[in-house]
Amino acid sequence: MSRRTVHLDNTLALALEGFAWLPNRLRRGGADALRTRVLGQRAVALHGPEAARFFYDERHVRRQGAIPGPVRSTLFGHHAVHTLDGEAHRVRKALFVALLMDGGIDTLVTRAGAAWESAARDWADRRGPVVLFDEVSRVLTRAVTDWTGVPVAPEDLPALAADLVAMVDGFATAAPRHWRARRARTRREDWLAGLVERVRRGDAVAPAGSAVREVAEHRDVDGNRLDPCTAAVELLNILRPTVAVSWFVAFAGHALHRWPEHRERLRAGDPAFAEAYAHEVRRFYPFAPFVGGRAVADLEWGGVRIPSGAMVLLDIYGQNHDPRIWPDPYRFDPDRFVGREIGPFKLVPQGGGDPRTGHRCPGEMITVALLRDLVVRLARLDCTLPPQDLRIPLSRIPTRPRSGVLLDVRAAA
Ligand code: HEM
């Protein structure tokens, strides 16, 4: 008779421990792989750059059927690029690579910088403090809608920003913010599907080369255009994560307060240091806890058997704080990135491997470019932080400083 270990379901532990759940279990197990159960399913958790190399090999892990329904209904949308495999994935991914990686990023950053400066003039006129997270979400919504060719009147912008934030904020919980996320997604998919239909009929203008036009005209692996709803899902997969960079800007506000010694170097505008700072913010602060897929066949990694069809989870937060990879990992130290090449499986806040062919985030260059620019503007802002709750609860996914980072902004001299 074979002996079988029964693994208790860990969904409750995940809900309670949040970001610490996977790293804690891996540390306790003393290995880089372990078997568990989550959401009622068999799962194997993997950790470290070699595990990432294994995970991002399509012969090992596929994405179809891997993303739970509640996450598709809030964060990613149904039939999104995240859920595709093989040739279907590569053809859809090429759309994102062309739009997000092959030029045009500077224009987005310029628009974001202009939107920040215009908002900052208004911050100085406010009577009370401004909430950095909320303000940046509007700045980025303005920039990314203009950049992608999505028409939004100024008076509609705050509601759109709130909906884009809600889709990210509510994906990993059963709390009311989950239902807010679902409503936000339904509302915005309907709106953007209508825009795509009007562009196709010639009733709405979308500039050549803009994301709206490219998504409307994109043909999938079967030679057909995306149905309007899927087109809306993919447009949201550009708008929503660009606005999600607000989480990192709020974290940068936290870091500048906690370690003010970096402020002068950022103010000086040295691009190499600003980029290193952006990387350290992405490494240090918690955003995506792990990524998941399904085992393509019976496999083994790190001495642990992975049955075909099991969930495979790659530990992102844990890898970004592993002392074997990052000496003194809980020290916020941008200099660890100055003048260093970063391997494709080492720094993984947005996934690992090759973004052009695999599932790694195609928005990573945009994220770094926006952060590099906005952290310098933030460091140059003449402001103080009033008393507030800056704690970042690790049990909440996603998380951010509780106050959203309150700033008292003084007018520029
Ligand atoms: C806030 C910063 C961001 C974080 C933390 C982040 C994180 C991630 C992660 C963890 C993945 C999944 C990788 C995987 O499944 O292996 C991903 C995929 C993706 N991200 Fe990002 N991302 C960010 C910004 C962006 C931006 C700015 C865009 C677009 C403008 C974007 C578009 C996408 C898309 C389309 C995918 C799906 C790629 C695929 O399945 O092939 N992300 N991102």
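Author: Residues carry numbers starting from 1 along each chain as its sequence is written. Because the model is predicted, local features need pLDDT of at least 70 and side-chain atom pairs count only at pLDDT 80 or more, while totals for chains, interfaces and linings use all residues.

Reader: What makes the protein chain as compact as a globular protein of that length?

Author: The protein chain has 16 helices and 10 strands, these being DSSP runs numbered from the N terminus (H or I over at least four residues for helices, E over at least two for strands). Its radius of gyration, taken over C-alpha atoms, is 21 Å, close to the 22 Å that the globule rule gives for 413 residues, so the chain is as compact as a globular protein of that length. The rule itself is 2.2 Å times the number of residues to the power 0.38.

Reader: Why is α6 called roughly parallel to α16?

Author: The axes of α6 (residues 105-125) and α16 (residues 364-380) come within 10 Å and cross at roughly 30°. That angle makes α6 roughly parallel to α16, because angles under 35 degrees count as roughly parallel, over 145 as roughly antiparallel, 65 to 115 as roughly perpendicular and the rest as oblique. The axes are lines fitted to C-alpha atoms, for helices over the stretch in contact, with angles running from 0 to 180 degrees between N-to-C directions.

Reader: Which residue classes make up the contact of α6 with α16?

Author: The contact has 10 nonpolar, one polar and two charged residues, where Ala, Val, Leu, Ile, Met, Phe, Trp, Tyr, Cys and Pro count as nonpolar, Asp, Glu, Lys and Arg as charged, and the others, Gly among them, as polar.

Reader: What makes α7 roughly perpendicular to α8?

Author: The axes of α7 (residues 132-148) and α8 (residues 157-169) come within 9 Å and cross at roughly 105°, and this angle makes α7 roughly perpendicular to α8. Ser 137, Arg 138, Thr 141 and Arg 142 in α7 meet residues of α8 including Leu 157 and Pro 158, contact requiring C-beta atoms, placed from the backbone, within 7 Å.

Reader: Which residues are the closest to the ligand, and which helix gives the most to the shell around the ligand?

Author: The ligand is surrounded by 26 residues, the closest being Pro 241, Gly 351, His 359, Cys 361 and Gly 363; a residue is near if its C-beta atom, placed from the backbone, lies within 6 Å. α11 gives the most to this shell, with four residues.

Definitions and conventions
Two residues are in contact if their C-beta atoms, placed from the backbone, lie within 7 Å.
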